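Open the structure in your viewer and keep the selection tool at hand. The stops below go from a pocket to a sheet and then to a helix.

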Amino acid sequence: MTGGPVALHPDRLFPADPATRGVARTLYAAAASAPIVSPHGHVDAGLLLRDEPFTDPADLLVVPDHYVLRLLHAHGADLGALGRAPRGDSPGADPREIWRTFCAHWGAFAGTPVRYWTTAILADVFGTDLTPSSATADALYDELVAALARPEFRPRALFERFGIEVLATTDDPADDLADHAALRDDPEFAGRVLPTFRPDAYLDPGVPGWPARLDRLGAAAGIDTGTHAGLVAALENRRAYFAERGATATDTGPVDAWALPLRAPEAERIHAAFLASSGTPEEATAYRRHMLFELMRMASEDGLVMQLHPSVIRNHHGPTLERYGPDTGHDLPDVGAFTRPLRTALEAFGTNQRFRLVLFTVDETTFSREIAPLAGFYPSVYAGAPWWFLDTPSAIARYRGAVTDSAGFGKTSGFIDDTRAFCSIPARHDMARRMDAGFLASLVVTHQLSEEEAAAIAVDLAAPLPRRVFRLE
């Protein structure tokens with residue numbers, strides 16, 4: 001399945017109705033050139049610090065992207081043949097062979113966001129007109145390798161070319177953030193790259209390796225984490241460390257959104273039990289939910305924006321996890337809930353002006369039923385953008401329809417690209433801007449908004465809104 005040359009239609013993703021499409025063009029034009037604000041992502045700060053050339057198209061577009069890996073695996077490709085080495089081994093797959101596998105399966109991506117943004121990368125970033133296929137794989141590989149060797153395709157040059165204003169990374173609380181510091185102090189780099197505090201590894205005492213992780217956190221903070229109070233103090237210490245180095249947000253992905261405090265003696269008892277390897281699964285759940293409440297309490301005091309994305313079944317396929325490790329495409333959605341699980345915490349912090357909570361989900365039924373109504377009442381709560389399994393054109397359209405009735409536009413987060421695939425960032429943001437233009441155009445042609453107001457909203461959604469929500473101003 002080869003298709004024609006890679007091409008980007010100027011009206012891609014706009015409504016089919018001619019009148020609505022015409023308004024969408026105008027609204028998109030107002031927002032298209034806005035800078036990219038990316039407050040949640042997984043690009044390594046060291047990539048920009050070292051500014052080394054990307055080695056090959058497979059390493060750039062296939063190996064780090066779990067969206068690509070999961071669908072190739074679903075069509076029978078072996079993860080080892082896609083550059084994911086079995087644990088304990090070094091990668092053995094040839095990059096050209098990885099690329100050939102990707103191109104041979106190009107048809108598998110039809111209709112997916114991967115197809116959309118990879119097409120945009122090939123056409124907009126690299127300027128090629130070759131469509132991936134078995135027949136074109138080698139020629140396309142050679143063309144991209146030649147481009148990547150040029151200075152304008154190094155990470156910093158692309159960062160500037162993409163118009164990225166802010167790029168947030170995701171970082172362990174024990175990280176010294178040395179790459180961030182060096183990048184910030186580099187006079188040759190003018191971009192803004194911020195760390196994000198990700199404490200998940202320290203919340204659940206039932207996860208293997210928890211005591212060792214506590215030791216590492218304690219060493220970083222200079223605080224004994226052998227007690228529950230010590231763990232809390234260490235996390236508070238590291239939050240302050242991150243904030244001093246530019247962080248404005250935290251990122252938490254627990255099993256569920258229940259946030260229920262324990263009395264201090266009970267928290268200390270459970271903490272000690274797990275350090276002695278004698279805790280129960282029920283105690284682990286209670287402790288994890290207590291720690292989520294503690295994180296909300298911390299956020300209400302230090303003002304770091306709290307991003308919460310529960311209800312993901314991590315590492316669904318045990319044999320794949322055992323052989324290849326995490327982040328290999330088999331984290332899957334679970335049923336989500338927010339209204340009941342967060343009630344206790346929101347009664348405590350929901351009207352606190354310093355507290356800000358951005359709720360994400362991979363269960364889109366919660367958008368209209370739970371997230372939008374919460375954002376439509378609590379000043380602290382914002383409806384996070386559709387992401388992960390939902391960062392598709394159709395899901396973005398459903399999100400706007402589901403959330404706007406209860407929360408409007410101003411209580412949403414702005415687009416979140418959530419990516420490790422650096423070159424896909426502009427394509428993902430452009431996709432969201434086109435879909436928002438189409439949604440706003442439908443309100444204009446049905447006389448619910450004037451075109452002038454819709455244009456102002458389109459511009460706000462692109463950059464000013466995420467700046468405000470994530471306290472980046």
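Start with the lining of the largest pocket, whose residues divide into 11 nonpolar, 10 polar and 14 charged. Here Ala, Val, Leu, Ile, Met, Phe, Trp, Tyr, Cys and Pro count as nonpolar, Asp, Glu, Lys and Arg as charged, and the others, Gly among them, as polar. The model is predicted, so local features need pLDDT of at least 70 and side-chain atom pairs count only at pLDDT 80 or more, while totals for chains, interfaces and linings use all residues. Residues are numbered from 1 along each chain as its sequence is written, and side-chain values use heavy atoms, with hydrogens and water left out.

The space in the largest pocket comes to about 960 Å³. Select Arg198, Asp200, Gly253, Arg314 and Asp331, which are the closest to its centre of the 35 lining residues. A pocket is an open set of points on a 1 Å grid over the protein atoms alone where a 1.4 Å probe fits, with protein on both sides within 12 Å along at least five of seven lines; lining residues have an atom within 4 Å of a point. Grid points are joined across faces, edges and corners, and the volume is the space filled by probe spheres set on them.

Next, select the strands β1 (residues 36–38), β2 (residues 164–168) and β3 (residues 192–194). Strands (E, at least two residues) and helices (H or I, at least four) are DSSP runs, numbered from the N terminus. The three strands form an open sheet in the order β1-β2-β3, with parallel pairing. β1 and β3 stand at the edges with a single partner strand each, so one side of each has no neighbour in the sheet.

Three bridges join β1 to β2, and three also link β2 with β3; two strands pair if DSSP finds at least two bridges between them. Zoom in on Val37, whose bridge partner in β2 is Val166, then on Ser38, which stands opposite Leu167. On the other pairing, Ala168 has Leu194 of β3 as its bridge partner.

Last, select helix α18, residues 425–445. Of its 21 residues, 18 are buried, so α18 too is largely enclosed by the rest of the structure. After α18 comes His447, with a positive phi near 65 degrees.

Methods
Buried < 20%, exposed > 50% of the residue type's maximum accessible area, 1.4 Å probe, protein only. Expected span 1.5 Å × (residues − 1).
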